[in-house]
Amino acid sequence: MSITRVLSAALLAVGLPVGLAAGPAAADSSPSPSASQDSGAPTQAGTSFRTATEIDQGQRATASGSTGDYLYWSFPADAGQRPDVKATVKLPASHAAQTWQLDVYDGLRRRQACQYGAQTRTAAQGATSVELACVMRTVRAWSEPWADDPLPGTYYIRLTVVDLTSADLGQPVSAEVRVDSKDIGGSAAVDGSLAKPLVPGIAVTSAADDGASPAAESAKPAVLSGIEPDGGWSSGWWSDRWVWTGIGGVLAALAGIGGYALTRGTGRPSRVPPGA
């Protein structure tokens, strides 16, 4: 009975901080934007990195263009997220076989590798649409100077056709893109955090905002992109890895108490005098 009381007291004493530590994890977690927030979704795309259309994660963006155009969008990605970029291109009724490609770049113009997904696909003759996907690597809070890891900041989507016949050049097409992220959590957590993005993108104020002409717009200096994840950029020391660290400490304490209880014996036998 005494061993049971000791084990219970140790569990409560060590487990109480773990239970309290789990609170910030629940408070910091926020659901990803849903499709219901698409009422103000962009309906056009940029033609370069500088004029890329800004979109939020979970937001469906559409654009119309012509085969041969470069279509650009930008989105924010924070530490611990694994972005999943998807694009659908609706093709004209009559066309020959053509190949489309989806590329993702960070704010430093570094092309990001895809863990998996059909980044390049060929639409057969007469196909009505082609779907592309790129699941990026998990965004890290920091990285070594020699590494090419994704870092918190702005990322660019570039969608274009890379192989088509000259007869199909300039035909009208429409595109739809969407970015969702999975929160990887403590398995991808690293020591260190950032209050500001490492790879912020650049943007320009649209001509409709200040009445400037397109010619004057192209001469404007670039400014930092204003997009950021829902809830702002992550900062602080917390990650759910602390929960597993606390659980490991509880198990280690229980193992130590149990080992002591098993090896200490029952004490001095009653038949042995104290002075022996």
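## Asp 84 in strand β4

At 21% relative accessibility, Asp 84 counts as partly exposed, a class that lies between buried (under 20% relative accessible area) and exposed (over 50%), computed with a 1.4 Å probe and protein chains only. The residue is found in strand β4; strands (E, at least two residues) and helices (H or I, at least four residues) are DSSP runs numbered from the N terminus. Leaving aside residues up to four places away in sequence, Asp 84 touches Cys 134, Val 135, Arg 178, Val 179 and Asp 180, where contact means heavy atoms within 4.5 Å.

## Basis of the model

The structure is a predicted model, in which local features need pLDDT of at least 70 and side-chain atom pairs count only at pLDDT 80 or more, while totals for chains, interfaces and linings use all residues. Residues are numbered from 1 along each chain as its sequence is written, and side-chain values use heavy atoms, with hydrogens and water left out.

## Overall composition

The secondary structure of the chain comes to 4 helices and 12 strands. Of the 276 residues in the chain, 36% are buried. The accessible surface comes to about 15,500 Å², and carbon and sulfur atoms contribute 57% of that area; such areas come from the Shrake-Rupley method with a 1.4 Å probe, and for residues only the protein chains shown count as cover. Among contacts in the chain with a separation of 6 or more, 73% are between residues 24 or more positions apart.

## Strand β8 and its partners

Strand β8 (residues 129-136) is mostly covered, with 6 of its 8 residues buried. Strand β4 (residues 81-90) pairs with β8 in the antiparallel sense over 7 bridges; two strands pair if DSSP finds at least two bridges between them. Val 89 stands opposite Val 130 in β8.

Strand β6 (residues 114-116) also pairs with β8 in the antiparallel sense, over 2 bridges. Tyr 116 has Val 135 as its bridge partner in β8. Ala 113 has its place in the loop between β5 and β6 and is partly exposed, with a relative accessible area of 42%. Apart from residues up to four places away in sequence, Ala 113 touches Met 136 and Arg 137. The C-alpha atoms of Ala 113 and Met 136 are separated by 6.5 Å, the two residues being 23 residues apart along the chain.

## The five-stranded open sheet

An open sheet of 5 strands has the order β1-β3-β9-β5-β7, with mixed pairing. Strands β1 and β7 (120-123) stand at the edges with a single partner strand each, so one side of each is left without a neighbour in the sheet. β1 and strand β3 (residues 71-77) pair in the parallel sense over 2 bridges, and the bridge partner of Glu 54 in β3 is Ser 74.

A search of the whole structure finds 4 aromatic pairs. Rings of Phe, Tyr and Trp (its six-membered ring) pair if their centres lie within 6.5 Å, and planes under 30 degrees apart count as stacked, over 60 as edge-to-face and the rest as tilted. The rings of Phe 49 and Tyr 105 have centres 5.3 Å apart and planes at 85°, so this pair is edge-to-face. Phe 49 lies in the loop between α1 (2-28) and β1 (53-54) and Tyr 105 in strand β5 (residues 98-106), so the pair ties together parts that are 56 residues apart in sequence. Both Phe 49 and Tyr 105 are buried.

Phe 49 also forms an edge-to-face pair with Tyr 156, at 5.3 Å centre to centre and 90° between the planes. Since Tyr 156 lies in strand β9 (residues 153-163) and Phe 49 in the loop between α1 and β1, this pair ties together parts that are 107 residues apart in sequence. Tyr 156 is buried, as is Phe 49. One aromatic cluster is formed by Phe 49, Tyr 72, Tyr 105 and Tyr 156.

## A nonpolar surface patch

Trp 244, Ile 247 and Leu 251 form a nonpolar patch on the surface, with about 350 Å² of accessible area together. Patches are made of residues with over 30% relative accessible area and no salt bridge, with like charges joined within 9 Å and nonpolar side chains (Val, Leu, Ile, Met, Phe, Trp, Tyr) within 5 Å; a salt bridge is a side-chain nitrogen of Lys or Arg within 4 Å of a carboxyl oxygen of Asp or Glu. Ile 247 is found in helix α4 (residues 241-263) and is partly exposed, with a relative accessible area of 33%.
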